[in-house]
Amino acid sequence: MDARIPAEPPHAGMPVKSVLQDMEQTRLAVEMIGLGARLQVLESEVSLPRVRLLRLYKELCGVSPPKGMLPFSTDWFVTWRPNAHASMLLNAYRFMRRGGGLDGTRAMLAGFRMYREHVGVIGEAAELSFTRAWTLVRFYERGMLQLARCQCCGGKYVVHAHDPRRHYICRLCMPPARAGKSRKPTTAGAAG
Ligand SMILES: [Zn+2]
């Protein structure tokens, strides 16, 4: 009866070969929905038809998934405060990928959990939602964002793909002038 949901295109969702595989994919979808994944993320990571994902989402969340495109651009991840969080997440992802030998999706999930635990321990609110974290990993894997080693503290931080990496100093070692200071009452001459 819902005319807004289009008929399933023939290529949507990879054909699932076995019952076990089907279960595994369903479990993956449930896990990702539990972490706050949006429908576009599920569609690109889980090999189940869109209608099944929609039904799973509604069942677990009690509401339809939000519509519209994912709103994030690469710029957000290099702004001052999100950058520390984005860098933490990406380092965790790479650790899970290389050290843990996990595939992309599993490494992303494990990296996201590690990130959340870490910000919880240091008493900060998580700046990255699951969908944001997923977008970040995608930008990184597509070469739109990369990691640069800070010459001062040795940490690795997210930078744009075209940014120079040779003499990079991170924003924690050299914060922008405004950070941590109260704004001046005049609005003239923003950011110098
Ligand atoms: Zn640094």
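Predicted model: local features only at pLDDT ≥ 70, side-chain atom pairs only at ≥ 80, totals over all residues.

Residues are numbered from 1 along each chain as its sequence is written, and side-chain values use heavy atoms, with hydrogens and water left out.

**Stop 1: the zinc ion**

Select the zinc ion together with C150, C153, C170 and C173. The SG atoms of these four cysteines coordinate the metal at 2.3 Å. Donors here are N, O and S atoms within 2.8 Å of the metal (3.2 Å for Na, K and Ca); water is not among the atoms, so sites may look incomplete. Angles among the 4 donor atoms run from 104 to 116°, and the site is tetrahedral (four donors with all angles between 85 and 135 degrees). Along the sequence, the donor residues follow the spacing C-x2-C-x16-C-x2-C.

Now colour by accessibility. Buried means under 20% relative accessible area, exposed over 50%, and partly exposed in between (1.4 Å probe, protein chains only). C150 is buried at 2%, whereas C153 is partly exposed at 43%.

**Stop 2: helix α1**

Jump to residues 19-34, which make up α1. Helices are DSSP runs (H or I, at least four residues), numbered from the N terminus. α1 has 16 residues and reaches 22 Å from its first C-alpha to its last, close to the 22 Å expected (the expected span is 1.5 Å times one less than the number of residues).

Show side chains for Q25, T26, L28, A29, M32 and I33: these are buried. Look down the axis of α1 and they fall within an arc of 160°, so they line one face of the helix; the arc is that of the directions from the helix axis to the C-beta atoms. An α-helix has 3.6 residues a turn, so residues three or four places apart point the same way.

Covering the buried residues of α1 are, among others, α2, α3, α6 (104-121) and α7 (130-141), where contact means heavy atoms within 4.5 Å. Past the end of α1, pick G36: its phi is positive, near 105°.

**Stop 3: helix α3**

Next, select residues 50-61. α3 has 12 residues and spans 16 Å between its first and last C-alpha, close to the 16 Å expected. Which residues of α3 are buried? They are L53, L54, L56 and Y57. Their arc around the axis is only 165°, which puts them on the same side of α3.

R55 and E59 are exposed on the face turned away from that buried side. The cover over the buried residues of α3 includes α1 and α2 (39-45). Just after α3, G62 takes a positive phi of about 80°.

**Stop 4: aromatic rings**

Finish with the rings of Phe, Tyr and Trp (its six-membered ring), which pair if their centres lie within 6.5 Å; planes under 30 degrees apart count as stacked, over 60 as edge-to-face and the rest as tilted. The count comes to 5 aromatic pairs. Select F77 and F139: they are edge-to-face, 6.0 Å centre to centre, with 75° between the planes. F77 lies in α4 (residues 74-78) and F139 in α7, so the pair ties together parts that are 62 residues apart in sequence.

Note on methods: Tetrahedral: all angles 85-135°; square planar, octahedral: opposite > 155°, others 65-115°. Helix = DSSP H or I, 4+ residues; strand = E, 2+ residues; numbered from the N terminus.
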